[in-house]
Amino acid sequence: GRQCYIPAASLSGKYVATANSNTLTTCEAGYACPGTSNVNYGSTGGRSACVASTSSRTGTYQPDTGKTSCISAGNGEYVASAHATAKATCTAGNYCPSGKISQCPANSYCVAGVSAATACSTLASGAYPNSAAGSTAATSCYLNTTAKKYVATANQGQVDCAKGGYCPGSVKVNYGSTGGRTACPANSYCVAGVSAATACTRLG
């Protein structure tokens with residue numbers, strides 16, 4: 001015999017929640033009921049959940065009931081979980097193009113609400129090229145000093161080691177900070193541009 005069904009045209013914004021019932025349920029917030037397919041008698045259906053954002057999928061949400069589709073998150077936005085009723089601002093340490101979400105890659109940083117990562121190499125003419133994955137601010141970017149040089153002024157590159165101190169190199173200095181130079185210790189002297197102190201020797 002012929003299969004009985006509820007026609008798709010009757011399911012716009014509604015769905016079949018209970019098998020063998022001809023009672024239709026209004027689509028809840030966080031779901032879509034597109035009304036594009038028939039639902040056979042003895043089955044349930046007609047409803048699909050809005051989806052969470054991933055690195056390859058745009059997140060969707062729906063704040064209202066009785067809707068036929070979910071709403072896509074946009075640039076700088078994401079959806080945290082399935083059947084969500086709201087989008088959210090992309091969290092710091094991540095970037096969100098077109099409603100997708102990915103961790104900020106190494107050697108870059110991502111403040112909240114961005115759709116693309118910012119390369120650390122854009123800071124101070126490339127002086128601070130490094131950062132860990134998931135970095136949240138420009139101050140996460142850093143350099144490793146070279147021997148006989150240090151960062152004397154925040155947010156600028158390295159300069160020659162000043163007299164009265166030594167600059168051993170391989171010192172991590174974050175953007176926004178200074179460092180890489182150690183004051184000359186007692187019983188030694190440090191001319192400009194040295195990586196180590198020189199001990200004073202007794203005269204005579």
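Why is the disulfide of Cys-27 and Cys-33 right-handed? The torsion about the S-S bond of this pair is about 85 degrees, so the disulfide is right-handed.

## About the model

This is a predicted model, in which local features need pLDDT of at least 70 and side-chain atom pairs count only at pLDDT 80 or more, while totals for chains, interfaces and linings use all residues. Residues are numbered from 1 along each chain as its sequence is written, and side-chain values use heavy atoms, with hydrogens and water left out.

## Disulfides

A disulfide is taken here as a pair of cysteine sulfur atoms within 2.5 Å, and the structure holds 7 disulfides. One of them joins Cys-27 to Cys-33, with an S to S distance of 2.1 Å, and both Cys-27 and Cys-33 are buried (buried means under 20% relative accessible area, exposed means over 50%, and partly exposed lies in between, with a 1.4 Å probe and protein chains only). Another disulfide is formed by Cys-90 and Cys-96, whose sulfur atoms are 2.1 Å apart; this link is right-handed, with 75 degrees about the S-S bond, and Cys-90 and Cys-96 are both buried.

Cys-161 and Cys-167 also form a disulfide, with 2.0 Å between their sulfur atoms, and Cys-161 is buried, as is Cys-167. The torsion about the S-S bond of Cys-161 and Cys-167 is about 80 degrees, so this disulfide is right-handed. Cys-200, by contrast, is in no disulfide, since the nearest cysteine sulfur, that of Cys-184, is 7.9 Å away. At 47% relative accessibility, Cys-200 counts as partly exposed, whereas Cys-4 is exposed, with a relative accessible area of 52%.

## The largest nonpolar core

In soluble globular proteins, nonpolar side chains tend to be buried together. A nonpolar core is defined here as a set of buried Ala, Val, Leu, Ile, Met, Phe, Trp, Tyr and Cys residues joined through side-chain atoms within 4.5 Å. The largest such core has 10 residues in all, among them Tyr-109, Cys-120, Leu-143, Val-151 and Tyr-175.

Val-151, one of these core residues, is in contact (heavy atoms within 4.5 Å) with several residues, including Tyr-128, Leu-143, Val-173 and Thr-178, when its neighbours within four places in sequence are left aside.

## Salt bridges

Side chains of opposite charge can pair when their charged atoms come close. With a salt bridge defined as a side-chain nitrogen of Lys or Arg within 4 Å of a carboxyl oxygen of Asp or Glu, the count comes to 3 salt bridges. In one of them the side chains of Arg-47 and Glu-28 meet, at 3.0 Å from N to O. Arg-47 lies in the loop between strand E5 (39-40) and strand E6 (48-49), and Glu-28 in the loop between strand E3 (25-26) and strand E4 (31-32), so the pair ties together parts that are 19 residues apart in sequence; strands (E, at least two residues) are DSSP runs, numbered from the N terminus. Arg-47 is partly exposed, with a relative accessible area of 35%, and Glu-28 is partly exposed at 29% relative accessibility.

Asp-160 forms a salt bridge with Lys-149, the closest N and O atoms being 2.6 Å apart. Asp-160 lies in strand E17 (residues 159-160) and Lys-149 in strand E16 (residues 149-150), so this pair ties together parts that are 11 residues apart in sequence. Asp-160 counts as exposed at 53% relative accessibility, whereas Lys-149 counts as partly exposed at 29%.

Methods:
Helix = DSSP H or I, 4+ residues; strand = E, 2+ residues; numbered from the N terminus.
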